[in-house]
Amino acid sequence: MIETVLSAGDVELAALDNQGSGPVIIGLHGYLDNAESIRVLAPHLQAYRFIALDLAGHGRSQHRPVGANYNQADYLQDLYALIESQKWDRVILIGHSLGGILASMFAGLFPEKIQAVVSIDACGPLVEDESTTQHQMREAIINRYEKSQSQRRPVDLEKAIEARCRISDIPEHAARNILTRNLVVDDSGTQFWSSDSRLRTKSILRMTENQAENIMRAIACPLFFIGASNSFKNLEAVFPKRAPWFKNARYEQLVGGHHIHMENTQDVGALIRQFVEQL
């Protein structure tokens with residue numbers, strides 16, 4: 001895959017592109033990850049134009065302007081601008097975690113533009129009860145202010161990899177690949193995060209269960225949810241509760257953790273290839 005930059009309205013998004021000639025498949029990574037997380041699926045999608053994006057503020061993509069923050073709706077705005085500017089029709093979306101949430105939300109908001117969705121270890125939006133509104137907004141505003149006061153610090157890659165593996169179930173090689181793409185080196189050879197520090201701020205307000213259901217019920221295309229047996233996402237319990245929201249959805253679970261597509265790429269890739277080939 002080659003490095004490229006794609007225009008998405010007001011932001012430039014870095015991407016890895018296989019330059020294939022088939023139907024367009026857009027890969028969307030998870031929170032604090034980047035295109036490196038999704039590129040592992042490329043060998044299984046050679047018959048397609050497969051593009052793994054760095055979402056805004058992640059990896060090598062452009063950051064939001066000073067004073068702006070990162071909200072789910074803005075990622076959806078970027079995706080809409082990208083698809084419109086490229087004049088792509090009926091694209092397939094593959095997303096992991098946050099990317100899977102965005103993929104399903106976009107398919108619900110713009111069903112005419114999406115042929116199918118593959119969601120890896122995510123089953124629709126994260127939600128909160130409306131009774132938590134005051135607490136969510138207060139905590140997010142404080143958190144965003146505090147983050148705006150923080151200073152840029154050098155990064156020790158090995159310690160960062162160790163920390164990432166300690167707090168999650170990601171394999172060491174996967175953490176290394178992702179975090180390496182999130183680095184930039186200055187003229188002195190010092191490493192810093194290229195990803196925007198504002199990504200680590202809290203969501204200003206999550207949807208309620210009814211709001212999430214309203215969007216998910218608007219999805220018209222087939223959906224394929226892939227769960228992981230050892231993931232904190234617990235899709236095995238979540239999917240049956242939300243299955244009535246979807247017109248055409250299937251679920252498969254594999255043994256592994258949250259980054260199941262990097263841990264068991266062969267099986268995940270084979271399942272996805274089979275799914276898209278049957279569309």
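Arg176 counts as partly exposed at 27% relative accessibility, where partly exposed lies between buried, under 20% relative accessible area, and exposed, over 50% (1.4 Å probe, protein chains only). Its side chain meets that of Glu172 in a salt bridge of 2.9 Å, N to O, a salt bridge being a side-chain nitrogen of Lys or Arg within 4 Å of a carboxyl oxygen of Asp or Glu. This is a predicted model, in which local features need pLDDT of at least 70 and side-chain atom pairs count only at pLDDT 80 or more, while totals for chains, interfaces and linings use all residues. Residues are numbered from 1 along each chain as its sequence is written, and side-chain values use heavy atoms, with hydrogens and water left out.

**Salt bridges**

- Arg176 and Glu172 both lie in helix H6, four residues apart, about one turn of the helix; helices (H or I, at least four residues) and strands (E, at least two) are DSSP runs, numbered from the N terminus.
- Glu172 is partly exposed, with a relative accessible area of 40%.
- Salt bridges that share partners link Glu3, Asp54, Arg60 and Arg181 in one network.
- Within that topic, Arg181 and Asp54 form a salt bridge of 3.0 Å, N to O, between their side chains, and because Arg181 lies in helix H6 and Asp54 in the loop between strand S4 (49-53) and helix H2 (72-86), the pair ties together parts that are 127 residues apart in sequence.
- Both Arg181 and Asp54 are buried.
- By the rule given above, the count comes to 17 salt bridges.

**Helix H5**

- In helix H5 (residues 157-167), the residues Leu157, Ala160, Ile161 and Arg164 are buried, and they lie on the same side of H5 because they cover an arc of only 100° around the axis, the arc being that of the directions from the helix axis to the C-beta atoms.
- The face of H5 turned away from its buried side carries Lys159, Arg166 and Ile167, which are exposed.
- The buried residues of H5 pack against helix H6 (172-181), strand S7 (183-185) and strand S8 (191-193).

**Asp121**

- Asp121, in the loop between strand S6 (114-120) and helix H4 (133-148), is buried yet has no salt bridge, and the nearest side chain of opposite charge, Lys233, is 6.6 Å away; Lys and Arg count as positive and Asp and Glu as negative, while His and the chain ends are not counted.

Terms used. Contact = heavy atoms within 4.5 Å.
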